[in-house]
Amino acid sequence: MASTQQCLASLARLSLSTPPRAALPTIPKFLVPSVGASQVRYATHTSNKGGAKKAPKKKKQYKFFKSWDLTGMQQFSLCDAMRYLRAAEVGQPPLTVKYEVHVKLRTKKGGPVVRDRVRLPTPVKTDTRIAVICPEGSELQEEAKRLGAVLAGEETVFEAIRSGNFLFNKLLCHTESEGALRKANVGKLLGPKGLMPSGKTKTITNNLEATFRDMIGMDEYRERDGVVRMAVGQLGFTPKQLAENIRAFMAKIKSDISKMDDSTPKLLEEVVLSTTHGPGLSLNAEFAPTDDKIKPEDLEAVM
Amino acid sequence: ACATCSAPRLHYRDHHGNADVRHQLLNIRAGPGAALLPKEVTKVHLQFAHRIEGGHMGPRKFWRENLPKLKYWNPAVPMVVNRTTDQNGPAVMTVYFRDDKDAQPSSTPFPTSSADGSSPAPKPAKDERIVTIDMKNRKSSVILNELLTKTGAVPLQPTAKDEEEFREFEDLHRRSEIDRERIQKMNDAKKREKAMLAKAMSDAQSIKATSV
């Protein structure tokens with residue numbers, strides 16, 4: 001018992017004078033903490049040379065987002081992909097299910113991103129609710145309400161934001177109210193939701209009518225982590241409608257990339273089609289089903 | 001090793017980025033429910049409740065496991081699911097048949113699937129007949145069997161490639177079980193060591209406190 005106390009006491013004092021080795025065997029092995037007791041200390045051994053801090057192992061920094069080798073990748077024509085996706089989504093209410101396209105780009109990390117709006121041949125979203133920050137009680141407020149804004153004004157909108165009552169999913173700001181917007185300090189609440197009006201997103205405007213026309217019917221997309229994602233259809237779309245939408249989306253992305261500065265090249269790597277609950281299927285650029293028993297018209301049935 | 005480029009296979013995600021999508025697709029096209037419905041079957045409608053109380057587990061499993069396979073092989077047949085919040089409501093499958101092949105298909109629109117009971121099964125048109133299958137308190141396999149016999153559907157046997165893929169995933173599952181046990185042992189040993197060390201430290205502290 002004394003030897004146990006001795007051992008543990010020296011451990012408590014964290015001293016170098018541990019009891020002689022002979023004392024240890026009297027303690028059952030399973031009672032001795034393995035790390036503490038078996039630690040051998042030499043007087044001359046120093047792990048820090050010259051007092052410099054031990055540098056942590058440096059993680060390799062990658063300049064480009066990771067690219068996958070697509071040689072063995074199973075890719076699908078649009079009708080084949082739709083066949084699988086409609087089977088995966090059978091029995092779901094069709095308005096709650098959307099087709100989404102993920103376009104993977106070969107691009108450098110931390111550079112400028114692709115960011116724009118596109119008008120799809122068959123629109124997907126039908127519930128854009130816009131709020132406008134404009135001088136309170138002015139003609140602009142009336143105009144905004146007339147164009148279809150759910151909220152207009154300055155304090156009314158700011159209060160709604162602060163109380164968390166987001167009746168809108170898009171926010172515009174008239175150039176005259178820019179100062180008020182900055183003073184209101186609502187950036188922290190709007191920023192994470194992507195609702196902060198800015199010149200870059202064309203949400204600070206002089207011409208309310210043109211911007212309204214752009215917003216209702218135009219879907220925004222943005223490149224995040226080297227991938228552009230956007231909803232391009234609803235479950236009830238026919239293969240033809242979906243194909244048209246995807247083509248329009250790809251054309252817009254390609255034109256956006258060509259307009260960008262040559263210093264940051266962006267290449268299209270892969271296009272993946274998915275649905276709300278379904279798997280993600282890599283597309284080859286074809287349309288027709290590979291099974292000759294299936295026609296594109298078969299994929300138009302009620303869901 | 002990978003069949004296309006001979007690289008060694010990783011445990012879960014292969015280097016082509018496929019992950020378990022292959023398994024999901026395999027389960028959509030092969031397994032119980034993969035069957036070709038005859039041309040006479042025009043529509044299938046299911047009605048059951050959201051939760052399982054009251055015998056709605058069977059129909060729910062049928063919807064999630066067997067219906068996707070049926071839909072994959074019969075994409076032109078509307079298969080609509082109407083779910084309600086009334087647990088005491090019926091759990092019924094309605095199959096619509098049109099026996100006269102030359103007749104024009106009816107123009108009355110079939111309701112879409114819903115989660116709030118707003119798409120009940122419509123009455124059959126003049127040239128249609130219906131067959132109902134009670135699904136309450138019955139296993140999904142039993143429901144499937146009844147559907148296949150009542151419609152005269154032809155179950156599809158999995159191809160050789162599909163069978164190979166099934167075996168591959170079973171293999172993976174078995175290997176992952178073994179790995180899970182091994183890692184569990186390692187982690188348990190580490191936890192025990194840590195607990196012992198902590199106990200020894202705390203004992204030492206208490207001894208130090210009492211002796212001082």
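Contact here means heavy atoms within 4.5 Å. The model shown is predicted.

**View 1. The interface between chain A and chain B.** In this view, 33 residues of chain A are in contact with 41 residues of chain B. The size of an interface is often given as the accessible area lost when the parts come together. Here about 3200 Å² is buried between chain A and chain B, and carbon and sulfur atoms give 67% of this area. Tyr84(A), Val90(A) and Val302(A) supply 19% of the area that chain A buries against chain B, more than any other three residues.

**View 2. The side of chain A that touches chain B.** Helices α1 (2-13), α2 (34-38) and α3 (78-88) of chain A each supply at least two residues of this side. The largest share, 5 residues, comes from α3(A). By class, the side comprises 21 nonpolar, 8 polar and 4 charged residues. Across the interface of chain A and chain B, the rule finds 0 salt bridges and 4 residue pairs in polar contact.

**View 3. The open sheet of chain B.** Four strands lie in the order β3-β2-β4-β5 (chain B), with mixed pairing. Because β3 (79-84) and β5 (128-134) of chain B stand at the edges, each with a single partner strand, one side of each is left without a neighbour in the sheet. Strand β2 (residues 41-49) of chain B pairs with β3(B) in the parallel sense over 6 bridges. Within β3(B), Val81(B) is the bridge partner of Leu46(B).

**View 4. A helix on the sheet of chain B.** Helix α2 (residues 57-73) of chain B packs on the sheet and touches β2, β3 and β4 (92-98) of chain B. The direction of this helix makes about 165° with that of β3(B).

Definitions and conventions. Residues are numbered from 1 along each chain as its sequence is written. Chains are lettered from A and ligands numbered from 1 in the order in which they are written. This is a predicted model: local features need pLDDT of at least 70, side-chain atom pairs count only at pLDDT 80 or more; totals for chains, interfaces and linings use all residues. Side-chain values use heavy atoms; hydrogens and water are left out. Two strands pair if DSSP finds at least two bridges between them. Axes are lines fitted to C-alpha atoms, for helices over the stretch in contact, and angles run from 0 to 180 degrees between N-to-C directions. Buried area is the accessible area (1.4 Å probe) that two parts lose on being put together, summed over both. A salt bridge is a side-chain nitrogen of Lys or Arg within 4 Å of a carboxyl oxygen of Asp or Glu. A polar contact is a pair of N or O atoms within 3.5 Å; within protein, one must be able to donate a hydrogen and the other to accept it, and residues adjacent in sequence count only if both atoms are side-chain atoms. Ala, Val, Leu, Ile, Met, Phe, Trp, Tyr, Cys and Pro count as nonpolar, Asp, Glu, Lys and Arg as charged, and the others, Gly among them, as polar.
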